[in-house]
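Subject: Structure for your review

Dear colleague,

Please find below the structure that I am handing over to you, followed by an account of what was found in it. I would be grateful if you could read the two side by side.

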Amino acid sequence: MQSGAADALAVVHEHILVCTDCPLHLKRIQAVPGTGPATARIMAVGEGPGETEDRVGRPFVGAAGNVLTKLLESIGLRRDDIYITNVVKCRPPGNRDPELTEMEACSHFLDAQIEIIRPDVILILGRHALARLLPGAGGIGGLHGRKVVRGNRLYVPLYHPAAALYQGSLMRTLEDDMLKVRGYLNEAEARRRQPGGAAAPSHPAAARAPGEPAPLPTAPTQAEPLLRLVPPGPGEPVLRPGSPDPSEPAPPPEPPDRDQLSLF
Ligand code: SF4
């Protein structure tokens with residue numbers, strides 16, 4: 001079953017690498033599908049590849065990647081155990097923000113990756129990924145570190161690791177939020193261990209017969225219930241989607257140029 005999921009994920013990667021569905025393919029060196037095991041219990045989703053990622057073919061390399069690695073290690077996780085990808089798989093020229101049409105053209109790849117991996121927790125890195133994955137949920141300033149459930153998926157928005165490079169005080173916020181992620185993972189693991197807990201990931205593409213052409217895994221088709229916030233725990237402030245969090249600093253501006261970040 002696990003190798004089947006890995007095969008299905010490899011098929012998605014193959015489609016991404018040759019994709020020409022939006023203009024971002026015109027200027028890329030290569031597409032950056034994602035890295036990590038199909039069995040990952042955690043998935044991290046950023047905005048898009050930068051200059052170094054475009055050249056290397058891996059997401060979150062360079063300075064922001066180092067921050068992400070250290071954050072994961074701070075709660076006992078190894079980067080190699082996490083599946084890491086972006087909303088768009090090709091670098092926007094000049095590191096501009098991806099356009100809505102580009103994100104829409106690329107969205108079925110991310111949907112397929114999520115459906116195959118079925119992670120316990122999806123870490124949303126930064127406001128652009130938040131807008132794509134949880135549209136209408138609110139801003140990163142109010143949602144960071146919070147559990148947000150949509151359908152059968154658990155999301156945790158976080159400030160983008162690159163933001164900590166520009167605003168040092170956010171590193172502490174990121175570290176505190178990662179401790180919360182550790183708690184969420186422990187809860188998910190406890191549920192998994194219960195009788196009748198979550199099943200191992202699987203996908204129809206994993207069940208194809210030998211020699212059968214590999215179709216691109218399709219996105220989930222069932223209607224998802226409205227987004228809901230998980231109630232805060234004892235002592236946690238009550239936040240509503242979109243409301244600012246008075247205990248946190250104002251959201252930093254997005255890094256002006258991912259090229260610079262990738263140079264570290
Ligand atoms: S960004 Fe996505 S949709 Fe656009 S060319 Fe790259 S893989 Fe295809």
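The residues of the shell around the ligand divide into 9 nonpolar, 2 polar and 3 charged. Here Ala, Val, Leu, Ile, Met, Phe, Trp, Tyr, Cys and Pro count as nonpolar, Asp, Glu, Lys and Arg as charged, and the others, Gly among them, as polar. In total 14 residues surround the ligand, and the closest are C19, C22, H25, C90 and C106; a residue is near a molecule if its C-beta atom, placed from the backbone, lies within 6 Å of it. Helix α4 (residues 100-117) gives the most to this shell, with 3 residues.

Two remarks on the model apply throughout. It is a predicted model, in which local features need pLDDT of at least 70 and side-chain atom pairs count only at pLDDT 80 or more, while totals for chains, interfaces and linings use all residues. Residues are numbered from 1 along each chain as its sequence is written.

The protein has 9 helices and 6 strands; helices (H or I, at least four residues) and strands (E, at least two) are DSSP runs, numbered from the N terminus. Of its 264 residues, 43% count as buried. A residue is buried if 20 or more other C-beta atoms lie within 10 Å of its own, exposed if 12 or fewer, and partly exposed in between, with C-beta atoms placed from the backbone. Among contacts between residues at least 6 apart in sequence, 76% join residues at least 24 apart, where contact requires C-beta atoms, placed from the backbone, within 7 Å.

I turn next to the strands. Strand β1 (residues 42-46) is largely enclosed by the rest of the structure, because 5 of its 5 residues are buried. I42, A44 and G46 on one side of β1, and M43 and V45 on the other, are all buried. β1 runs parallel to strand β3 (residues 121-125), to which 4 bridges join it; two strands pair if DSSP finds at least two bridges between them. Within this pairing, I42 stands opposite V121, and the bridge partner of M43 is I122. Another 4 bridges join β1 to strand β2 (residues 83-86), also in parallel, with V45 opposite T85.

In β3, too, 5 of the 5 residues are buried, so this strand is largely enclosed by the rest of the structure. β3 also pairs with strand β5 (residues 153-158) in the parallel sense over 4 bridges, and L123 has V156 in β5 as its bridge partner.

Helix α3 (residues 63-74) has 12 residues and reaches 17 Å from its first C-alpha to its last, close to the 16 Å expected at 1.5 Å a residue; the expected span is 1.5 Å times one less than the number of residues. Its buried residues are A63, A64, G65, V67, L68, L71 and L72. Just after α3, G76 takes a positive phi of about 80°.

Why does L68 count as buried? L68 has 27 C-beta neighbours inside 10 Å. Leaving aside residues up to four places away in sequence, L68 touches A44, F60 and P161. The C-alpha atoms of A63 and A162, 99 residues apart along the chain, are separated by 7.3 Å.

Yours sincerely

Notes
Contact = placed C-beta atoms within 7 Å.
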